[in-house]
Amino acid sequence: MGRFGDWLDQRSGYRAFAHHALAEPVEGGARWSYVFGSALAAIFIIQIATGLLLALFYSASAQEAWGSVYFVQTQVSLGWFVRGLHHWGSSAMVVLLIAHLLQVFTFGAYRAPRELGWWTGIALLFITLGFSLTGYLLPWDQKGFWATRVVTAITGTLPLIGGWMKGLMLGGNDFGNLTITRFFGFHVFILPAMLMMFLVVHIVLFRRHGVTPRWNRKPAELAATTEPFWPRQLTLDVVFVSGIVAVLVWLSIRHHGAPLDAPADPASNYVARPEWYFLWLFEMLKVLPGRFEGIGIMAFSLFGVVFLAALPIADRARTRSPRDRWPHFLIAAMLLTVVVGLTGRSMIADASDPSVQKQRDQADAAAQRAFALAEQGIPPGGADELYLNDPHERGKRLFMSKCQTCHSYGGNGGGNAPDMKGFMTRAWVRGAIEDPTRNEYFGRSKVEGMEKADATPAELDVLTDYTLSLGGLVPEPKTGADLYEDKGCQTCHARAGENPRTGLNLDGYGTRAWIAHMIRRPDTPENYGALNRMTVFEGKLTEAQIDDVITFLVAPPSADY
Amino acid sequence: MDTPRRGFVKAVFAVLSGALAVAIGAPIIVAFLDPVRRRTVKGGAGPMRIGKVADLPVGVPRRLDVIDAHSDAWDRSDPKPIGAVWLVCREGGRVDAYSGTCPHLGCAVGFNANTGEFVCPCHDSAFALKDGERLKGPSPRGLDPLPVKVKDGEVEIEFKQFVQGIPSRRES
């Protein structure tokens, strides 16, 4: 090693370089306060490493992106973990940036002669936010798609240049292939190159001026305690970074990587929310009256940026003590209060809104469904066509367009005909027998004649099972036929081999053929006859479509579907 | 020159740096290597119909596309050409099938009607029409024969693929 080291050193001069890097004097000694910058550099390196791995699997197109991320998340060994590190690492970058900024601000490290370091730091802040913005869209899932729509829409509301800037970001008039190639290109080529450039300048400037110790330490004490960067400061840095990485590992394992929603679907009603560090911008849109939102956001952001940029020039205080710099602290506190306050307001509003929670649950169910369908492979038309090849989803869409004007589903819809959620489950059938006059059943329809049942709960259970047994869906209960006749059901309802009566025909009740007949010809005597106002779908829906609707009705893949 | 305390600090540094490198690096390497032992592109498995015997002239080779649905990492496709085979109908109705992929380095094998030989345009390997054996050129072996059956006038082949560049015939 020694001889090889000599050989290498004679040719590269690495020892002098390493010595230069490690022996940098830290004025006043190693401190925890100085770890943030190094930690940012370290997490950035982790982002590069994990990002390169992801890039080896990623496909930047509107058709392919979701499938490729799904592949990393579910198929590639530890792909989910690397993806998790990258995802949570991006949040760690933002947190550390804020910490770094506040530390530098508090210590007054932006003051002469360190202005350039401060300004390059601000540039790095915006580049990092650019990383977050561009990276979030790349999976092309519901979350990234809608979050990015919000952020680009905010850009679009800016006065004068808004529309132009939005077009520039999207690569055209709407989200599509050019949006994703643009975001990808920025995320993996342009922004990294910019960040490296500014980072090098930032570090060179930092090395030129060194650390900025706390304002109240005496020069003599600082001189006496000055020590080289290695080993103590570097070790503090590594201890801190290890803590952060431990959190990232924990988050990645806990969430099995990072969330991946269903493929982007512009037609869905997804709760669009940006990532947490952009929530305040999003919330500001709600707070400001419509006409002022664009200008308001621009004015506030501009004020924030100008304040940060002008700080080294505006700060004419005698010393670095916060007591002398109180006006700057006041403005910073105001800005911070607005940002933190709006972020909190948005989070609290969502947490206390049951409809947001409900839509999130639906989104989770849709994601699960998409994952299950994607196991068969992504169809040639892209991930958004996963559903089109799925009978459940086709049936659901048909139901929503053809049936839901009268029928409701889980309380959503017309409400003039039975609610079809849980159709043909025991609970649904039992409810229909118990009291068909309730609004969830026939209360608001024109079908009438059957009253609230005069039966005990145990009898209702038997009647339910007996009714379902007429279509062979469950075994026939022993006392079923007797009870059916005791209660007089047969006066109106016909069973197999019996002549049609005034009420619903129960021969084959609940089978696919029976349901199909109801959809095709609800006007026939065995389907309530003239009382039934349901549309005759014979000739309006194909047999295959009717089959899809039945699949959706009787076999939903999950409870929240 | 190390005090015990300095030694401890350096040890902490070494242990944590190592742990970080492993925690981040190992999963990345595992994921990077993952595709090596995975069949990422699938399709053309099992016997499949490829054409009719009646369409094959006796003694003149025909190049036919192998059409099958296949999957590629996360995608699945509708049936489309995934490769080609040479079919030769012999006197008496027996059909021979050869992979259309040159066993040398994987170029597409053609047929030279003037010489009556299969030829690879890349490195000029030539193969006999009668049995696919190598006649000249750098190919380490003859054309790869494929299992073929004739059922009700339909030719059924198994579209196998073989490791290229070696004298022995090993499925890839």
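This is a predicted model: local features need pLDDT of at least 70, side-chain atom pairs count only at pLDDT 80 or more; totals for chains, interfaces and linings use all residues.

Analyst: On one side, 31 residues of chain A are in contact, and their partners are 24 residues of chain B. Four elements of chain A each put two or more residues into the side that touches chain B: α3 (35-55), α4 (65-74), α5 (79-107) and α11 (229-254). The top contributor there is α11(A), which supplies ten residues.

If you follow chain A on from α11, you get to the loop between α11 and α12 (279-287), and that's where A:Pro266 sits. Is A:Pro266 buried or exposed? It counts as exposed, because it has 12 C-beta neighbours inside 10 Å, and the cut-off for exposed is 12 or fewer.

Now for helix packing. Two packed helices can be described by the angle between their axes and the distance between those axes. Take α6 (residues 115-137) and α9 (residues 177-209) of chain A: their axes are 9 Å apart and the packing angle is about 160 degrees. Anything over 145 degrees counts as roughly antiparallel, so that's the label for α6(A) and α9(A). The crossing of α6(A) past α9(A) is left-handed. Sorted by class, their contact holds 17 nonpolar and nine polar residues, with no charged ones.

The other pair is α20 (residues 512-520) and α21 (residues 543-554) of chain A, where the angle is about 120 degrees and the axes are 10 Å apart. That angle makes α20(A) oblique to α21(A), since the roughly perpendicular range stops at 115 degrees. Here the crossing is right-handed.

Which residues do the touching between α20(A) and α21(A)? From α20(A) come A:Arg512, A:Ile515, A:Ala516, A:Ile519 and A:Arg520. They meet A:Ile546, A:Val549 and A:Ile550 of α21(A). By class, that contact has six nonpolar residues, no polar ones and two charged ones.

Methods
Residues are numbered from 1 along each chain as its sequence is written. Chains are lettered from A and ligands numbered from 1 in the order in which they are written. Two residues are in contact if their C-beta atoms, placed from the backbone, lie within 7 Å. Axes are lines fitted to C-alpha atoms, for helices over the stretch in contact, and angles run from 0 to 180 degrees between N-to-C directions. Angles under 35 degrees count as roughly parallel, over 145 as roughly antiparallel, 65 to 115 as roughly perpendicular and the rest as oblique. A crossing is left-handed if the near helix is turned anticlockwise from the far one by less than a right angle, and right-handed if clockwise. Ala, Val, Leu, Ile, Met, Phe, Trp, Tyr, Cys and Pro count as nonpolar, Asp, Glu, Lys and Arg as charged, and the others, Gly among them, as polar. A residue is buried if 20 or more other C-beta atoms lie within 10 Å of its own, exposed if 12 or fewer, and partly exposed in between; C-beta atoms are placed from the backbone.
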